[in-house]
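Reader: I'd like to learn how to read salt bridges and a domain interface in a model. Could you walk me through it?

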Amino acid sequence: MSEAIKKRIAVFGSTGSIGTQALEVIEAHPDLFEVEILTAQTNDKLLIEQALKFNPNAVVIADESRYEKVKLALESTDVKVFGGENALDEVADFDTYDMMLAAIVGFAGLKPTLRAIENGKAIALANKETLVVAGDLVMQLAVEKRVPIIPVDSEHSAIFQCLVGETRNRIEKIILTASGGPFLGKKPNFLVNVKRDHALQHPNWKMGAKITIDSATLMNKGLEMIEAKWLFNLTPEQIEVVIHPQSIIHSMVQFEDGSIKAQMGLPDMKLPIQYALAFPQRVANNNPRPNFKKIPILSFEPPDVKTFRNLSLAEMALEKGGNFPCILNAANEIAVWAFLNNRIGFLDITAVIEKTLQKINYIEKPNLTDYFESDGEARNFAASLIRM
Ligand code: NAD
Ligand code: MG
């Protein structure tokens, strides 16, 4: 057999939880993948280490003040070094990569991802905020450019895997599973005193700080409902959330004949990352496997939306559409940041989002400029609530 051509991967957000695990996947399969681009916001030390190890064509340190340090450290290599946020767009325009792994966290991931799609690059999408904010524009551009968007988020990867071979079959509904996070079963009188370090202890997954807080508030599941709407072209009624504390079933698809497919595995992001990078191939690996004899129970319960009101707010944004999900996302990013910096309490996160949704003008059919403006306005307003 002739040697397969390696897929050249641009890892945007390479120093994060998804980024570092993606590099482990790439390292384990040097016959399939090579690293073309690495980008980071502030972690220059790890970016330099990664660059020396993977020898990419280019790296970006988005925090410009760290550019000189990275440049100096990579002086003796032929790695091109860029600094500043605009450089993310610049390298997204390179024609030397095949697939972007979009693993920047938050709204900041939107622009470079759009650039990659514009350039016809396949996308392995971890950055759910991209679809939450501008799912209509992103998916429309992807169709126009014939670009596949392969989900990395474990629930969406599960659904995507369940849909392989089902192209002609209508989805009746999808069932998104949620672990429930560290505060499953807790009530507001407990949550009011919760501190960041407790909220950062997720029972099943080790992830970046922002998504870990989102999992504790159930906002993560709300964002995932909106993400699912765009990825799989669903109506809000077709998207159901169920709490499944063991995180073995990563999500399910119910078809018109009542048959339900589920995708299962241990909670380990390396599997959905690998699946997205190698799709449509399944690639052998040595990751641990579940032993069902040692998993006594798989349980399910409805989410407590009265306590975890972020999920209701996200459902409302999903229903209303327009710029509402964008406003929801921006307010949430500010509120989570404030909570992580001990500026507001756990329940205040919901209050900030709710007030911001009430304040910022609704736009039914926003264009990209509208999304950027709504994001900015929502951030400013949410921040003004926190300073009071
Ligand atoms: P993280 O905080 O661990 O890493 C974020 C990465 O983005 C880092 O490399 C950081 O340098 C970079 N970054 C942050 N802000 C930036 C900015 N303003 N400009 C440029 N780069 C910036 O986050 P994570 O947990 O790896 O999550 C990344 C994305 O994947 C998120 O959208 C998250 O919702 C999604 N996701 C993560 C997991 C997980 O297990 N961690 C699971 C599902 C989905
Ligand atoms: Mg998820």
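Reader: Let's start with one pair: which side chain does K187 meet in a salt bridge?

Author: In this predicted model, the partner of K187 is D304, with N and O 2.9 Å apart. K187 sits in the loop between β8 and α8, and D304 in the loop between α12 and α13, so the pair links parts 117 residues apart.

Reader: Which residue does K261 pair with?

Author: K261 meets E166 in a salt bridge, again read from N to O, at 2.9 Å. Here K261 belongs to strand β11, while E166 lies in the loop between α7 and β8, 95 residues away. K261 is partly exposed at 28%, whereas E166 counts as buried because its relative accessibility is 15%, and the cut-off for buried is under 20%.

Reader: How many salt bridges does the rule count?

Author: The count comes to 24. Some are joined up: K128, D153, E155, K221 and E224 form a network of salt bridges.

Reader: Now the domains. Where are their bounds?

Author: Domain 1 covers 7–151, and domain 2 covers 167–265 + 292–320. Their C-alpha centres are 27 Å apart. Twelve residues of domain 1 and 13 residues of domain 2 take part in the contact.

Reader: What area is buried between domain 1 and domain 2?

Author: About 1000 Å², with carbon and sulfur atoms giving 71% of that. On the domain 1 side, K128, L131 and V132 lose the most area, together 48% of what that side buries.

Reader: How many salt bridges cross this interface?

Author: The rule finds two, and it also finds three residue pairs in polar contact there. On the domain 1 side, the elements giving two or more residues are α1, α6 and β7. Helix α6 has the largest share, seven residues. By class, that side has six nonpolar, three polar and three charged residues.

Reader: Which residue forms a salt bridge with K210?

Author: That is E129, the closest N and O atoms being 2.9 Å apart. K210 lies in helix α10 and E129 in helix α6, so this pair ties together parts 81 residues apart in sequence. K210 counts as buried at 13% relative accessibility, and E129 counts as buried at 6%.

Conventions: Residues are numbered from 1 along each chain as its sequence is written. Chains are lettered from A and ligands numbered from 1 in the order in which they are written. This is a predicted model: local features need pLDDT of at least 70, side-chain atom pairs count only at pLDDT 80 or more; totals for chains, interfaces and linings use all residues. Side-chain values use heavy atoms; hydrogens and water are left out. Domain bounds come from an automatic or database domain assignment. Contact means heavy atoms within 4.5 Å. Buried area is the accessible area (1.4 Å probe) that two parts lose on being put together, summed over both. A salt bridge is a side-chain nitrogen of Lys or Arg within 4 Å of a carboxyl oxygen of Asp or Glu. A polar contact is a pair of N or O atoms within 3.5 Å; within protein, one must be able to donate a hydrogen and the other to accept it, and residues adjacent in sequence count only if both atoms are side-chain atoms. Helices (H or I, at least four residues) and strands (E, at least two) are DSSP runs, numbered from the N terminus. Ala, Val, Leu, Ile, Met, Phe, Trp, Tyr, Cys and Pro count as nonpolar, Asp, Glu, Lys and Arg as charged, and the others, Gly among them, as polar. Buried means under 20% relative accessible area, exposed over 50%, partly exposed in between (1.4 Å probe, protein chains only).
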